[in-house]
Amino acid sequence: MTRPFGMAFHAATEQEFAVTLANEECPSGGGPRLVATANVAHLVELRVNDRFRAAYRNAWRVTADGTPVYVYARSRGIQLPERLTGSGLFAKLMPLLKPGRHRCFFVAASDEIGSACKSYLVGRGFAEDAVAFAVPPYRFEADLAYGEALATSIREHATTHLFFGVGAPKSEIWTVEHAATLGDCYVLCIGAGLEFFAGLKTRGPEWMKRTGLEWLWRLIQEPRRLARRYLVSSWTFFAAVADDIRGHPLIG
């Protein structure tokens with residue numbers, strides 16, 4: 001079977017996958033189920049980061065998030081019904097989560113983001129103690145003591161769905177390296193997806209989403225933070241494509 005970049009892309013729509021994540025329980029004792037959302041920035045980082053590649057190898061599902069990734073996968077004959085983005089998946093999953101059945105934990109970039117996500121679920125009938133969030137310090141992923149304490153808190157919360165909004169690759173790497181502690185839960189590393197949902201940032205217009213130009217919308221909104229990612233580093237994606245065509249996939 002063809003696997004672009006060595007990845008088995010999940011063939012589902014965002015709505016279909018959200019329904020699966022809401023209705024299918026993680027097997028007891030199976031540990032966390034990491035969903036990796038492959039975009040151009042991920043592909044660029046995967047070329048140089050062994051720990052990130054290990055995280056992708058251990059992912060439960062990989063989706064084609066970025067338009068170039070989706071288009072390339074389709075060109076290799078992979079039948080994907082649509083781009084399956086982390087932000088879109090999260091937005092469709094949140095209304096499907098059920099009070100009394102699910103317990104959510106958010107690792108957020110700020111108290112404002114975490115509080116907004118918690119308030120949404122509490123407003124839908126979730127008990128206060130069924131939703132928790134943490135705002136980790138800068139470079140938390142390098143602090144082993146903090147990492148173990150955070151993973152223990154997530155497990156003791158009996159988390160069914162863990163959402164990371166603090167960026168890649170640290171979220172994915174942290175998840176895999178603390179898998180033995182985390183317990184059985186779905187893990188979505190969705191970066192700015194939490195901020196979009198909380199209304200603190202806005203996604204691009206529908207026509208930009210459809211045409212793969214949403215990156216331009218984000219660049220206009222955050223030029224200082226994203227200019228290098230989108231205008232310089234992203235060109236390395238074509239080297240990853242060339243390597244893949246030559247039979248040297250990123251994920252071996």
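**View 1. Overall fold of the predicted model.** Of the 252 residues in the protein, 49% are buried (under 20% relative accessible area; exposed is over 50% and partly exposed in between, with a 1.4 Å probe and protein chains only). This is a predicted model, in which local features need pLDDT of at least 70 and side-chain atom pairs count only at pLDDT 80 or more, while totals for chains, interfaces and linings use all residues. Residues are numbered from 1 along each chain as its sequence is written, and side-chain values use heavy atoms, with hydrogens and water left out. The secondary structure comprises 14 helices and six strands (DSSP runs numbered from the N terminus: helices are H or I of at least four residues, strands are E of at least two). The radius of gyration is 18 Å, which agrees with the value near 18 Å for a compact globule of 252 residues (taken over C-alpha atoms; the rule is 2.2 Å times the number of residues to the power 0.38). Along the principal axes, the C-alpha atoms fill a box of roughly 50 × 40 × 35 Å. The protein exposes about 11800 Å², of which carbon and sulfur atoms supply 54% (Shrake-Rupley method, 1.4 Å probe; for residues, only the protein chains shown count as cover). Among contacts between residues at least 6 apart in sequence, 76% join residues at least 24 apart (contact means heavy atoms within 4.5 Å).

**View 2. The open parallel sheet.** Six strands in the order β2-β1-β6-β5-β3-β4 form an open sheet with parallel pairing (two strands pair if DSSP finds at least two bridges between them). β2 (61–64) and β4 (131–134) are the edge strands, each pairing on one side only. From one strand to the next, the twist averages 20 degrees (axes are lines fitted to C-alpha atoms, for helices over the stretch in contact; angles run from 0 to 180 degrees between N-to-C directions). Helix α5 (residues 86–93) packs on the sheet and touches β1, β3 (104–107), β5 (161–164) and β6. The direction of α5 makes about 140 degrees with that of β5.

View 3. Strand β1 (residues 33–38) is joined to strand β6 (residues 186–189) by three bridges, and the two run parallel. Arg33 is opposite Tyr186 in β6. Four bridges link β3 and β5 in the parallel sense, with Phe105 opposite Leu162 in β5. Parallel pairing over four bridges also links β5 and β6, where Phe164 stands opposite Cys189 in β6.

View 4. The largest nonpolar core has 44 residues, of which Phe5, Met7, Phe9, Tyr56, Leu162 and Phe164 touch the most other members (a core is a set of buried Ala, Val, Leu, Ile, Met, Phe, Trp, Tyr and Cys residues joined through side-chain atoms within 4.5 Å). Another core of 28 residues lies apart from it, with Ala12, Val35, Phe106 and Val131 among them. Beyond neighbours within four places in sequence, the contacts of Phe9 include Val62, Ala73 and Leu80.

View 5. Arg53 lies in helix α3 (residues 50–57) and counts as buried because its relative accessibility is 14%. Residues up to four places away in sequence aside, Arg53 touches Leu46, Arg47, Val48, Leu250 and Ile251. Val19, in helix α1 (residues 14–23), is partly exposed, with a relative accessible area of 34%. The C-alpha atoms of Val19 and Leu93 are separated by 7.1 Å, although the residues are 74 apart along the chain.
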